[in-house]
There are 2 protein chains.
Amino acid sequence: MDNQLKRGLLDVCVLAAIKNEDSYGYKIIKDVKPYVEMSESTLYTILKRLELANMLTVHTSEHGGRLRKYYHITNAGLGRLEDFREEWREVMSIWQFVTREDG
Amino acid sequence: MDNQLKRGLLDVCVLAAIKNEDSYGYKIIKDVKPYVEMSESTLYTILKRLELANMLTVHTSEHGGRLRKYYHITNAGLGRLEDFREEWREVMSIWQFVTREDG
DNA sequence: AGGGAATACTTCGTGATATGATGTATTGCG
DNA sequence: CGCAATACATCATATCACGAAGTATTCCCT
């Protein structure tokens with residue numbers, strides 16, 4: 001799918017992936033894959049960006065003798081998902097303009 | 001609205017604006033404005049990109065003693081709009097993932 | 001025991017892109 | 001005469017997705 005269309009969707013996809021329970025990089029990619037293709041470098045870039053924006057927090061935890069970085073959504077992150085629903089109305093209005101049949 | 005969400009939408013907005021009749025820069029912006037904000041520099045960047053991709057052709061025509069560049073959509077451009085409808089199914093699937101309530 | 005696949009995270013460089021700022025020039029109106 | 005509107009163009013900048021490459025560990029099969 002068009003790379004540009006994905007922009008603006010990827011961030012909220014990641015937030016949605018950790019919305020209900022904390023998750024970690026590898027799992028996020030697998031959860032999101034059925035919907036959008038996302039490379040590891042892209043994911044970790046996004047995670048860092050979201051952390052800087054206080055949309056999520058990070059805590060390291062041991063699992064099977066190996067360290068994992070778990071990502072936890074913040075209230076700001078949940079708010080971002082709410083805002084996204086609002087923004088979607090505008091997106092749908094654009095969609096209607098693009099796909100309208102008449103002049 | 002989130003700038004990122006607009007990307008991928010802007011190109012097809014411009015194509016949609018010239019879909020039914022040839023148009024020119026200033027008019028395209030005015031037609032699109034109710035749906036998406038687009039600056040002039042952005043528009044002309046997009047028009048140039050679409051021309052390079054053979055999505056539209058340009059012809060200069062005089063209007064009121066002044067030259068105007070009219071943009072005409074090509075079959076490839078119309079095809080792009082068709083493809084967009086297909087891509088939209090994927091976008092809606094992503095949307096459902098993001099806004100789903102259950103885990 | 002050995003080896004490869006899967007898990008897990010990180011950094012770097014690149015190309016694409018939207019946009020503000022800025023500039024140029026003409027028409028129309030008060 | 002002056003200003004807003006029309007109309008187009010270029011440049012620098014910041015953001016972003018992604019491939020490539022690297023490091024390390026665990027798990028499973030033979």
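Colleague: Why is A:Asn54 called exposed?

Modeller: In this predicted model, A:Asn54 has a relative accessible area of 53%. The term exposed applies over 50%, so a residue with 53% is given that name.

Colleague: Where does A:Asn54 lie?

Modeller: A:Asn54 belongs to the loop that joins α4 (40-52) to β2 (56-63) in chain A.

Colleague: What makes the phi of A:Asn54 worth a remark?

Modeller: Most residues other than glycine have a negative phi. For A:Asn54, phi is near 60 degrees, a positive value, and the residue is not glycine.

Colleague: What is found for phi in B:Asn54, and is B:Asn54 buried or exposed?

Modeller: B:Asn54 also has a positive phi, of about 60 degrees, without being a glycine. B:Asn54 sits in the loop between α4 (40-52) and β2 (56-63) of chain B. The relative accessible area of B:Asn54 is 53%; the cut-off is over 50%, and B:Asn54 is therefore exposed.

Colleague: Why does B:Tyr24 count as buried?

Modeller: The relative accessibility of B:Tyr24 is 18%. Buried means under 20%, so B:Tyr24 falls in that class.

Colleague: Which strand holds B:Tyr24, and which residues does B:Tyr24 touch?

Modeller: B:Tyr24 is part of strand β1 (residues 23-24) of chain B. Leaving aside residues up to four places away in sequence, B:Tyr24 touches B:Arg68, B:Lys69, B:Tyr70 and B:Tyr71.

Colleague: What separates the C-alpha atoms of B:Tyr24 and B:Leu81?

Modeller: Those C-alpha atoms are separated by 19 Å, and the two residues are 57 residues apart along the chain.

Colleague: Why are A:Glu101 and B:Arg85 said to form a salt bridge?

Modeller: The closest N and O atoms of A:Glu101 and B:Arg85 are 2.9 Å apart. The limit for a side-chain nitrogen of Arg and a carboxyl oxygen of Glu is 4 Å, so the pair qualifies. The count between chain A and chain B is 2 salt bridges.

Colleague: How many residue pairs are in polar contact across the interface of chain A and chain B, and which elements give two or more residues to the side of chain A that touches chain B?

Modeller: The rule finds 10 residue pairs in polar contact across that interface, both residues being at pLDDT 80 or more. The elements of chain A that give two or more residues to the side touching chain B are α1 (3-6), α2 (10-17), α3 (25-32) and α5 (75-99). The most comes from α5(A), with 15 residues. By class, this side of chain A has 19 nonpolar, 6 polar and 11 charged residues.

Colleague: How many residues are in contact between chain A and chain B, and what area do the two chains bury?

Modeller: Contact involves 36 residues of chain A and 36 residues of chain B. Between them the chains bury about 3,500 Å², with 66% of it on carbon and sulfur atoms. The size of an interface is often given as the accessible area lost when the parts come together.

Colleague: What elements does chain A have, and what share of chain A do buried residues make up?

Modeller: Chain A has 5 helices and 3 strands, in the order α-α-β-α-α-β-β-α from the N terminus. Of the 103 residues in chain A, 43% are buried. Chain A exposes about 5,900 Å², of which carbon and sulfur atoms supply 47%.

Definitions and conventions: Residues are numbered from 1 along each chain as its sequence is written. Chains are lettered from A and ligands numbered from 1 in the order in which they are written. This is a predicted model: local features need pLDDT of at least 70, side-chain atom pairs count only at pLDDT 80 or more; totals for chains, interfaces and linings use all residues. Side-chain values use heavy atoms; hydrogens and water are left out. Contact means heavy atoms within 4.5 Å. Buried area is the accessible area (1.4 Å probe) that two parts lose on being put together, summed over both. A polar contact is a pair of N or O atoms within 3.5 Å; within protein, one must be able to donate a hydrogen and the other to accept it, and residues adjacent in sequence count only if both atoms are side-chain atoms. Helices (H or I, at least four residues) and strands (E, at least two) are DSSP runs, numbered from the N terminus. Ala, Val, Leu, Ile, Met, Phe, Trp, Tyr, Cys and Pro count as nonpolar, Asp, Glu, Lys and Arg as charged, and the others, Gly among them, as polar. Buried means under 20% relative accessible area, exposed over 50%, partly exposed in between (1.4 Å probe, protein chains only). Accessible areas come from the Shrake-Rupley method with a 1.4 Å probe; for residues, only the protein chains shown count as cover.
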